[in-house]
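Let's take a walk through this model together, one step at a time. Have a look at the sequence and the fold below, and then read on.

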Amino acid sequence: SQDTSAYGRDLGGHTGIADVLRRVDELPGLLWLRLLYTHPASFDERLLAAYAECRHLLPYVDLPLQHISQPILDSMGRRTTRESITKLITDLRRVRPEAILRTSLIVGYPGETESQFAELLDFVKETRFDRLGAFTYSREEGTAAARLSSQVPAEVKAERLAMVMELQSRISEENHRRLIR
């Protein structure tokens, strides 16, 4: 699924993924449920409540954020804001303190400035994701982003990717050290 949290939108909105999770949570013999790829723009209060209430729903949240700088999010058409993303993460950690947060990020998106990249690094430092994947923007013909004139040079994209992954490596090591008893 491209956005599991949007389930039911095409059915008139009467049944959403939170409803499905609640129904499946009641099945006898169920060991666990794991929801993947929950777009932050579709992650509503009902889904947040399901994470708090469903006893078989694993506290694993896959949020493909892509970036955190508002101009980049807007250019990508992400339908979300830094403020809403930050609130969602805070709310998730409030209702499920043990939640494992995973995200994916893009570096080198057309027009990404040094300060926007620094904002992304700061966000990663502050948020301390449990799992993080990142990749460089790849120009794909026929897309709106491919037509943007401010393409980031490949060597800059590679440097930025290395910086994000090195930061996440340190965060992951620190997170794992806390698990040692």
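Thr103 stands opposite Leu132 in strand E3, and Arg102 stands opposite Arg131 in E3. These pairs belong to strand E2 (residues 100-107) and strand E3 (residues 131-136), which pair in the parallel sense over six bridges. Strands count as paired if DSSP finds at least two bridges between them; helices (H or I, at least four residues) and strands (E, at least two) are DSSP runs, numbered from the N terminus. This is a predicted model, where local features need pLDDT of at least 70 and side-chain atom pairs count only at pLDDT 80 or more, while totals for chains, interfaces and linings use all residues. Residues are numbered from 1 along each chain as its sequence is written, and side-chain values use heavy atoms, with hydrogens and water left out.

Now widen the view. The open sheet has three strands in the order E1-E2-E3, with parallel pairing. E1 and E3 are at the edges with a single partner strand each, so one side of each has no neighbour in the sheet.

Next comes the core, a set of buried (under 20% relative accessible area, 1.4 Å probe, protein chains only) Ala, Val, Leu, Ile, Met, Phe, Trp, Tyr and Cys residues joined through side-chain atoms within 4.5 Å. The largest nonpolar core has 36 residues, and Leu21 and Phe43 touch the most other members. Among the elements giving two or more residues to this core are helix H1 (17-25), strand E1 (60-66) and helix H6 (154-177). Helix H5 gives the most, with five residues.

Definitions and conventions. Buried means under 20% relative accessible area, exposed over 50%, partly exposed in between (1.4 Å probe, protein chains only).
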